[in-house]
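Hello,

Here is the structure for you to take over. My notes on it follow below.

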Amino acid sequence: MAGTELISAFDALLADLDGVVYAGPHAIPGAVESLRRLAGIGVGLGYVTNNASRTPAQVAQHLRGLGAPAEDHQVVSSPQAAGELLASLLPAGARVLITGGEALAREIELAGLVPVRSEAEKPVAVVQGFHPDLGWKDLAEASYVVAGGALWVATNTDMSIPQARGIAPGNGTLVAAVAAATGRRPLVAGKPEAPLFHAAAKRLAADRPLVVGDRLDTDILGGNNAGFATVAVLTGVDTRESILAARTLERPDYLINDLTDLYRPYPAVEHDAGRYRCGAAVAVVHGHTVHISGDPADLDSWRAACAAWWAANPETATALAPVLQWPDH
């Protein structure tokens, strides 16, 4: 795509939030300005989030507070997907134990179900979503109901969430606690399942959306599952090294530093006789080693390395990290 901005090939951007737009309460440098530029070039914008602790309206308000463009309908959340999933599996008015916050309970209500807070109220299902105030008693209550055979839906299984002070446990960590106690596994409504992304694209009437995220196991896998183009940013959880090692299903189509790179030409990777060139960098695979001629600080070096390593290992079901050989190392 030399000579054109990366974003120019797409009609919408489906953006993750944590680790892409903000970390904790603060916007990531360059993110807000990049999102605001989309309208001027006719590219739609949707936010696809696994966050279950706030309503879409609250998320949109937070984004507007940061200066980002955000109408309530532009936010598509995993609690919405969980409510739709439960409503498709249960009769109207069925009782659902809420293991999460009021935002999650509200979405269950909107889906025509009755949120309850204890096993004594005889729920027929459990929905579990992240909330910072969740404690042992909440997880225990969920475990009692799940162990009794109830339908169990998790909004998402993110194992960690980026915060201003670092990486903290996410909903997947809490879901794993209930799974360990009960020996059961939940249905998952949000990322990395495709419906959340399809719903966002449908709201924007987008035919060629680009999914941007910082996590391979949710954002990139989900976008790939939906059949959309994906781009990984380096402002959140995953790193150059973890992206290079990605299993096949979690490999992004593009790799950028942050959202400002959407407005730069994306360098083509050329290959000849096993040599993969991106910009000034060249990568060659020998066995389990990737030999890279380039600067480790230059993202083109990593783009070349990804192209070479992934071509040499087209089908991997688990993460597979190569040995890296840089000049003078």
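**Helix pair and sheet**

Helix α3 and helix α4 (residues 102–110) have axes that come within 8 Å and cross at roughly 40 degrees. This is a predicted model. The crossing of α3 and α4 is right-handed. On the α3 side the contact is made by Pro79, Gln80, Gly83 and Leu86, and on the α4 side by Leu104, Glu107 and Ile108. Sorted by class, the residues in the contact of α3 with α4 are four nonpolar, two polar and one charged.

The sheet is next. Five strands make up an open sheet, in the order β7-β6-β8-β9-β12, with parallel pairing. The edges are β7 (114–116) and β12 (187–188); each has a single partner strand, so one side of each is left without a neighbour in the sheet. The partner of β7 can be given in detail: strand β6 (residues 95–99) pairs with β7 in the parallel sense over three bridges. In this pairing, Val96 stands opposite Pro115 in β7.

Two helices pack on the sheet, as follows.

Regards

How values were computed:
Residues numbered from 1 in each chain as written. Predicted model: local features only at pLDDT ≥ 70, side-chain atom pairs only at ≥ 80, totals over all residues. Heavy atoms only, no water. Pairing = 2+ DSSP bridges. Helix = DSSP H or I, 4+ residues; strand = E, 2+ residues; numbered from the N terminus. Contact = heavy atoms within 4.5 Å. Axes fitted to C-alpha atoms, helices over the stretch in contact; angles between N-to-C directions. Left-handed = near helix turned anticlockwise from the far one by under 90°. Nonpolar A, V, L, I, M, F, W, Y, C, P; charged D, E, K, R; others polar.
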